[in-house]
Amino acid sequence: MSRAVSFILFISILIVVLGAPVSAHWNARMGHKMHFPQFPDDGDVYASGDFFLADDWQCSQTGPVKDIHFWGAWMNDNPGTITRFELQIYDDVPAGTGDIRHSRPGNLLWSETILPEDYSVDGPIIHGDWGTQVWYDPGANLCDDFDQVGFWQYNVFLPQNSWFQQTEGEIYWLAIKTVVAEGDRYWGWRTAENHWNDDAVWYDDQYGMWIDMAECVPGSGEGFPYVLGDLNDDGLTDALDLQYYTNWWYQGGPPPIYEYPPGSGFYPAADVDGDCANTEADINRLQQYIFDQIPMQYCDPYIPNISLDLSFVINDHEPGDITPMLPTLTEYGAAVLLVLLIGSGILVMLRRRHIRLQ
Ligand SMILES: [Ca+2]
Ligand SMILES: [Ca+2]
Ligand SMILES: [Ca+2]
């Protein structure tokens, strides 16, 4: 093979390599088919135990869900071996249904087992300024700073016979449980930086129900999904809540938002004097807060209202769909550099040849 032919071959391979998609990892340029991509932030919720976690999304365009992407990390940066992901999609039970004040997964619409050969992983991704990150285990009620710094992006491209048909405007829930080979390695689903609709939930076998989650506070414990004094769950604490309280307390009206633990008869949102009990004194305290701005106090183990969502993206891409994107400025720079290097290589080669021929 002549040098010229080898050179053309080399350049052709280079063009093919540079032109092809670099990987099947999702990036923002690939778009999404949900309210907005829920990007990762700096915490993880344990998801390799015996329960599912779930968060909700609203479909933005009718059609098949072909790819699902999510982020996760290992407790203490101690990676294990993922045997499989269990993914599920549910329809939505709106807030208020069955006297439960938070929305949650309803009917199971779709489920799929994702084996290691069915997904790609990108990472570890490290944000230098985040430091140690929160680890939350809702089943064990554990919340702490752990040493996990890196996290990973998981990319699942579904085969055509596993696509899920979604309808614009509908709300669905994505549930994930991860199975890890080693008993002493723990995988967490990364929390999301932006809140959308309702909090993420975990499935509690003991109560047979999806439990609302709130972001936990290391050193202080779990956060709980309510606003102090907002008994009627409209997001405000005002005279309507006082009316709601007296109606519940004296007239047997509907109870406040959010009983915890479920079935205990204790409503942290209504415990506005912080003695961890619902009594008549709370009515007076709520009145003082509303009319005299005397601060309320919450019951310490139940820190109110820090919403928690989980990081994921729903899309309709197939790996073959990923057309080469316009290169970024950095990629342009790299291409120009490459051309210059190749050019100078050719010059050197021709010169040597010229010298030899003389
Ligand atoms: Ca949500
Ligand atoms: Ca209210
Ligand atoms: Ca109280």
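How are H2 and H3 oriented to each other? The exercises below work towards this and related points. This is a predicted model, in which local features need pLDDT of at least 70, side-chain atom pairs count only at pLDDT 80 or more, and totals for chains, interfaces and linings use all residues. Residues are numbered from 1 along each chain as its sequence is written, and chains are lettered from A and ligands numbered from 1 in the order in which they are written.

**Exercise 1. Determine the relative orientation of H2 and H3.**

Step 1. Helices (H or I, at least four residues) and strands (E, at least two) are DSSP runs, numbered from the N terminus. H2 covers 239-251, and H3 covers residues 280-292.

Step 2. The two helices pack at an angle of about 165 degrees, and their axes are 10 Å apart. Axes here are lines fitted to C-alpha atoms, for helices over the stretch in contact, and angles run from 0 to 180 degrees between N-to-C directions.

Step 3. Angles under 35 degrees count as roughly parallel, over 145 as roughly antiparallel, 65 to 115 as roughly perpendicular and the rest as oblique. H2 and H3 are therefore roughly antiparallel.

Step 4. The contact involves Ala239, Asp241, Leu242, Tyr245, Thr246 and Trp249 on H2, and Glu280, Ile283, Leu286, Gln287 and Ile290 on H3. Two residues are in contact if their C-beta atoms, placed from the backbone, lie within 7 Å.

**Exercise 2. Check the span of H3 and locate its buried residues.**

Step 1. The expected span of a helix is 1.5 Å times one less than its number of residues. For the 13 residues of H3 this gives 18 Å, which agrees with the 18 Å between its end C-alpha atoms.

Step 2. A residue is buried if 20 or more other C-beta atoms lie within 10 Å of its own, exposed if 12 or fewer, and partly exposed in between. By this rule Asp282, Arg285, Leu286 and Tyr289 of H3 are buried. They lie on the same side of H3, because they cover an arc of only 100 degrees around the axis, the arc being that of the directions from the helix axis to the C-beta atoms.

Step 3. The other side of H3 bears the exposed residues Glu280, Asn284, Phe291 and Asp292. After the helix comes Gln293, with a positive phi near 55 degrees.

**Exercise 3. Carry out the corresponding analysis for H2.**

Step 1. H2 has 13 residues and reaches 17 Å from its first C-alpha to its last, close to the 18 Å expected.

Step 2. Its buried residues are Asp241, Tyr244 and Tyr245. These fall within an arc of 100 degrees seen down the axis, so they line one face of H2. They pack against H3.

Step 3. Ala239, Tyr250 and Gln251 are exposed on the face turned away from the buried side. Just after H2, Gly252 has a positive phi of about 75 degrees.
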